[in-house]
Amino acid sequence: MNRFRWTIVGIVVVIIAAVGIYFGVNSGKSGTNNAAGKRSVAIITDTGGIDDHSFNQSAWEGLQKYGKSAGLSKGNGGYNYFQSNDESDYRPNINSAVQAKFNTIIGIGFSLETVVKQSAKQNPKVNYAIIDDVIPNVKNVVSVTFQTEQSSYLAGVAAAKASKTQKIGFIGGVKGDVIDTFQAGYVAGAKSVNKNIRIDVQYANSFANAAQGRTIASAMYANGDDVIFTAAGGTGNGVFAEAKALNQRNTAANKVWVIGVDRDQKADGAYTDKNGNKSNFTLASAVKEVGQSVIDIAKQAQAGKFPGGKVVTFGFKQNGVYLARDSMSASVWQAVQAQQKRIESGAIKVPIHPKSYASVQ
Amino acid sequence: MTQTNNKALIAVLSVVFGLVAGAIIMLIFGYNPFSGYGSLIATAFGTPQNIGEIFSQMTPLILTGLSFLVAQQAGFFNIGMSGQLYAAWVGSVWFALAFPQLPDFLIIIGATLFGVILGGISGLIPGYLRAKFGASEVIITIMLNYVILYLGNSAITSFPKAIRQTTDSTNQVGDHGSIAIKWLSDLTNQSSISAGIFIAVIVTILVWFIMKKTTFGFSIEAVGKNADAAKYAGINEKATQIWAMTLSGALAGLGGVTEGLGHYGNVFVQNSTPETGFNGMAVALLGSGSFIGVILAAALFSALTVGGSGMPNISGVPTELVSIVIALIIFFVGSSYLIQLLIKKIKAADAASAGSGKGPKGKKPKKTDQTEEAQA
């Protein structure tokens, strides 16, 4: 009888495997194929994932936009994303993208630097891009960096101008070269308005921990901060949630603000106050056009002008970074624009590393 | 039927049920489960690179699985493997980068030892607290995970600039400290496979030997089954508990060493303690206390994870489904009572069909139960 039962289990397993392989091989062949000559593009997300309301989402939206305009379809031979839920997913994901014969593969975020570099060496015919990091002198890799310290400087100006308490907050994701630019710019910008402004600085140590973001935001608002700039990817969702909860119990005149990051997060700030008035608490968004950079790279690759080996910097000029106006009042907006001109002319040099990670008095 | 046989059957059935339930979920959300699993298999075994990747991801899973097993034998529930692994990962990479002037083999041995010792200490602390003060090792290991996570992250960011690549990641350990094997990497098209897999298998045999053939292993088991009885039998139960947890931590630590010197080749700031540590628990559970089971379960989990990366692109099924399938498998292992019930029913049906002649009757009750199971 023992043998009989094992036979059943064996048969089930074999059937599942066989049918699976059959369909697998078949579906691999029948994958969508686009017209010849079109270059396919894939992005590999970092652990934030494509619905982080920020960095990865911006990249994916850009890629979708490009895909549609170029007449590509989602899937093999067109455009697609590979989501990383853990650091150990990076390598299998990039291998899968190579295996699926994508022509251009874009690593979203500095944490993919190592795998992009390795994969680029092994597959010299595939084009690679790395966002937010520099892989120098590799012919088939373009490095894309953003001058986010500049837009963050403007965010600091806006925060200091809008704050009633002259206490503002900064929530970073994970300490590193990229988030350094946000913190350094923000602090410098706020200090340029009011030398004595208090800036609470805290790191969530995660780009994907909304609960932690909410806890920190709650403490900051309780501490008197009325503007928080969040440079923390998906962690920022918790900051928005906390601000919304606070504001819904209050009148619109006394609301607390959030400055969004990477994408224009105005939509995330819409709420109704306790008197039933519609309002918005997204003061501004330090937009970083990751999506635009993805589109640019895809277009250049399509045109046969892939800028391999180069470092492409996106600043105000290329519309790569900017401060979206969102809910800024006319006077705040004016101050922001004035400062932007001074940065563009070179009159202000914005630091890219903060002096310390401690709160600033 | 022997007990081990029964356990193996439960594990196999759990995997089958997990896959079937996953297929049902795919159907509910409008995906084709055959193309879903097909693309998973095609991705996992489709290229030499991914096969190498499976071995690479298996390595720390085997070691953390063993770590959990040893702790379990001693009556501990070690949730701290994630932290123990991370401590060793940071430590071993630091050692390999800090002493570049040493000869290669000394770097590797030194880094491994340093990592294993750090892992061992991280296991010793909860072991000691539990043995001496009766503190709950579950809570202490969970909390230690955070302590180690933030200590490790802060250590990485404060390493000297010369050995850091960016603010939050170190340089690659390179040829001097790497345990990668050239011909294996070449064979698998430069995947991250390393000597770690051999280390893991050898260590598995070693741990099996310790647990089954030595007095120390016997006393661990005795203490785990009944500490008081062990004490009256003349076993120093406290020392045994402490040593068992130290061994458990050291094994998880060795997993971290293979991550640092093998899989990743460096260490970087983590958002949370590495998932590998927690997955080790799942591996040990599915392995149902057997050493070969741990290796097989680790192989299955890493094949699922690596294969899962190709699912969205080929068949549109989100990779998260793999996590669901793994979770379901663990669910079925956990609810082994249900499966035991099922096995009893089949036995009864077999007996009945044996009485009334042979026939496909035995198959019937199984099928209905299977759907019930999936709906549960």
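Predicted model: local features only at pLDDT ≥ 70, side-chain atom pairs only at ≥ 80, totals over all residues.
Student: What makes H4(A) stand out in the lining of the second largest cavity?

Tutor: H4(A) gives the most to that lining, with four residues. Residues are numbered from 1 along each chain as its sequence is written, and chains are lettered from A in the order in which they are written.

Student: Why is the space of about 60 Å³ called a cavity?

Tutor: On a 1 Å grid over the protein atoms alone, a cavity is a set of points where a 1.4 Å probe fits but cannot get out, and lining residues have an atom within 4 Å of a point. The volume is the space filled by probe spheres set on the points, which are joined across faces, edges and corners. Among the residues that line this cavity are A:Gln118, B:Gln49 and B:Gln190.

Student: How do you know which of its lining residues are polar?

Tutor: Ala, Val, Leu, Ile, Met, Phe, Trp, Tyr, Cys and Pro count as nonpolar, Asp, Glu, Lys and Arg as charged, and the others, Gly among them, as polar. The lining therefore divides into two nonpolar, six polar and one charged.

Student: What is the volume of the largest cavity, and which residues are closest to its centre?

Tutor: Its volume is about 600 Å³, and A:Asp46, A:Tyr90, A:Gly109, A:Phe110 and A:Ser111 are the closest to its centre.

Methods:
Heavy atoms only, no water. 1 Å grid on protein atoms, 1.4 Å probe; cavity = no way out; pocket = protein on both sides within 12 Å on 5 of 7 lines; lining within 4 Å. Helix = DSSP H or I, 4+ residues; strand = E, 2+ residues; numbered from the N terminus.
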